[in-house]
Amino acid sequence: MTARNQPRKGISLRAREALHGYGFIMIWVIGFLLFTLIPLLETLHYSFNQVVVSATSINLTFVDWANYSRALFTDPSFIELLIGYTIETMVAVPIVLIFAMIIALFLNLKFKLKGFFRVIFFLPIVITSGPVIRELTAQGAASAPGIANLPAVADFLAELPRAVRSPIEYLLTSFILILWFSGVQILIYLASLQKIDKSIYEAAAIDGASSWEIFWKIILPSLSTATMINAIYTIVTLSHFSENKVIQYIYNQTYNMQGGIGYASALAFIYFAVMIAMMGIIYLLLMQWTKRKSR
Amino acid sequence: MIKNRLRSYTGVRNRGINPSGFHVSQIKFYFILVPLSIVMLLPIIYIFSSAFKPPDELFAYPPRLLVINPTLKNFNDLLSRLSTSGIPVSRYLFNSILITVITVAASILISSAAAYALSKKRFKLKNTLFAINTVALMFVPIAVTIPRFLVIEKLGIFNTYWVHILPVLALPVGLFLLKQFIDGVPDEVIEAAQIDGASDLVIYWRIILPMIRPAIATIAILTFQAAWNNAEISTFYINNESLRTLAFYLSTLTSASTTANTVAGQGIAAAAALIMFLPNLIIFIFLQRHVMSTMSHSGMK
């Protein structure tokens with residue numbers, strides 16, 4: 001009888017909460033370990049080996065950093081693809097973020113047909129994955145070839161140094177494609193716009209703040225978390241996009257006699273490192289930005 | 001008064017006399033939104049019209065958006081190919097539907113439960129797990145195809161229905177997005193429920209899930225597409241033709257035919273793309289209401 005009133009032996013309230021937490025996450029952790037983490041570590045292991053797959057087994061020969069050095073120093077096309085990808089992503093991410101933010105601000109206003117427009121701007125999420133985008137890029141419809149080929153524009157581009165030219169060219173040819181990647185981002189911005197307490201706007205308006213000031217001092221700082229999430233999400237979707245050239249190159253190398261799985265694994269890890277680095281840069285920039293805003 | 005103040009906070013000032021209905025001052029929104037929304041609609045118009053294009057229009061350069069002489073030839077070609085296949089198409093269709101439904105339902109449950117724990121529970125590994133997940137998010141899925149194959153073989157699920165479902169359940173993207181949305185659910189709501197004696201399961205089921213409905217609908221759309229369009233699992237982890245999916249079947253059809261007859265192949269590919277795309281669009285139309293409606297009054301501050 002007395003035991004009932006006492007906490008169970010050895011289990012404090014905090015431990016019980018932790019236990020419940022683990023309970024909720026357990027299935028996910030098992031799935032993640034089996035199908036994501038273990039294969040990932042195995043891939044890391046492969047990247048230091050020459051991997052030969054035969055019908056019955058997989059033979060590994062340890063080659064140290066040879067796969068990496070080949071990718072970085074001897075492979076003629078990988079580095080070029082990687083640099084191209086990095087430039088494109090660094091151009092695309094800010095555009096997606098700014099575009100998504102502007103559209104979200106618009107869609108957060110009150111006007112007729114708002115619901116209809118929200119649906120339309122959310123629609124790209126059914127386009128960018130799967131057969132539609134493959135079909136579109138295959139037919140060259142995702143780019144706007146007309147603009148970059150106009151004589152005046154082409155002359156102007158030819159004047160520029162290559163480092164400046166390629167991002168601009170990418171921007172001109174793929175602008176529409178970039179816009180299609182902002183469906184989920186608009187949604188995330190809208191959700192966090194709606195979390196802002198309406199009375200803050202009121203207070204600011206009473207204090208005589210203009211709508212411009214309200215945007216910079218209230219709306220923008222409170223969107224900083226959403227911006228980080230969106231940046232990560234954009235990088236991930238752009239980098240895992242099936243028409244991405246780096247992905248296609250890695251995929252081809254996997255089944256290449258000369259390269260093989262070991263080499264492709266090394267390529268994948270270099271790609272991975274580049275993505276993490278970009279993420280880090282964006283994170284640092286945003287941290288700086290939020291710090292300055294809150295001061 | 002307050003309402004008018006609220007309306008005037010964004011970039012465009014309305015001088016506090018904004019009517020509740022349509023007003024000339026709103027035209028500027030449409031000037032920006034209408035052209036942009038046409039851009040957003042382009043791909044869908046394109047996918048529909050190219051499925052009905054005759055061969056000469058399919059190969060026209062630059063590609064034309066709208067079809068001039070619509071024809072059903074592509075669909076007829078596709079149908080005639082379907083009738084020559086050894087296994088009835090309904091089999092592939094059944095596989096695809098079954099796999100997609102189970103995958104979407106199970107992955108939402110698993111990811112949202114995990115996201116709830118990561119967001120609202122306190123335990124040691126919490127931050128580490130989320131960090132690992134975010135890093136894993138970055139990793140290219142195609143690079144792990146072969147190691148994943150080894151795991152699948154060890155588990156003995158090679159060549160079964162399980163191989164379609166299990167590997168895609170614990171996807172990092174779903175957890176990542178859901179956790180962000182659950183972070184937005186105020187702790188006070190959960191504390192109030194706890195004081196009323198609600199257990200964790202009740203809180204998860206009756207409070208968290210309804211409150212993040214927009215996020216769940218979004219994840220449902222994304223997982224649906226991932227599962228429905230997945231041809232890779234059928235290629236790599238399935239030997240038995242009768243366990244493969246419609247996406248796989250249509251992709252073999254179009255790629256095999258491109259070598260034999262490029263002109264007909266393109267047309268068939270366009271028709272197949274439309275057929276594969278339609279369910280995505282239908283799911284989107286069904287679920288967008290949940291995404292949009294709850295967002296405006298979800299009880300979040």
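In which loop of chain B is B:Asn159 found? We come to that in the last view.

This is a predicted model, in which local features need pLDDT of at least 70 and side-chain atom pairs count only at pLDDT 80 or more, while totals for chains, interfaces and linings use all residues. Residues are numbered from 1 along each chain as its sequence is written, with chains lettered from A and ligands numbered from 1 in the order in which they are written.

**View 1. Chain A meets chain B.** Here 80 residues of chain A are in contact with 82 residues of chain B; contact means that C-beta atoms, placed from the backbone, lie within 7 Å. On the chain A side, helix α2 (residues 13-46) gives the most, with 20 residues. Helices are DSSP runs of H or I with at least four residues, strands are runs of E with at least two, and both are numbered from the N terminus. That side of chain A divides into 56 nonpolar, 14 polar and 10 charged residues. Nonpolar means Ala, Val, Leu, Ile, Met, Phe, Trp, Tyr, Cys and Pro, charged means Asp, Glu, Lys and Arg, and the others, Gly among them, are polar.

**View 2. A look into the largest nonpolar core.** This core has 136 residues, and A:Ile250 is among those with the most contacts inside it. A nonpolar core is a set of buried Ala, Val, Leu, Ile, Met, Phe, Trp, Tyr and Cys residues joined through C-beta atoms within 7 Å. A residue is buried if 20 or more other C-beta atoms lie within 10 Å of its own, exposed if 12 or fewer, and partly exposed in between. Not counting residues up to four places away in sequence, A:Ile250 touches residues of both chains, including A:Leu267, A:Tyr271, B:Val140 and B:Ile142.

**View 3. Two strands side by side in chain A.** Strands β1 (residues 49-53) and β2 (residues 58-62) of chain A run antiparallel, joined by five bridges; strands pair if DSSP finds at least two bridges between them. None of the five residues of β2 is buried.

**View 4. Two residues with positive phi.** Most residues other than glycine have a negative phi. A:Asp64, in the loop between β2 and α3 (66-74) of chain A, has a phi near 60°. A:Asp64 counts as exposed because it has 9 C-beta neighbours inside 10 Å. As for B:Asn159, its place is the loop between α7 (145-155) and α8 (162-169) of chain B, and its phi is near 70°. B:Asn159 counts as partly exposed because it has 14 C-beta neighbours inside 10 Å.

Methods
Contact = placed C-beta atoms within 7 Å.
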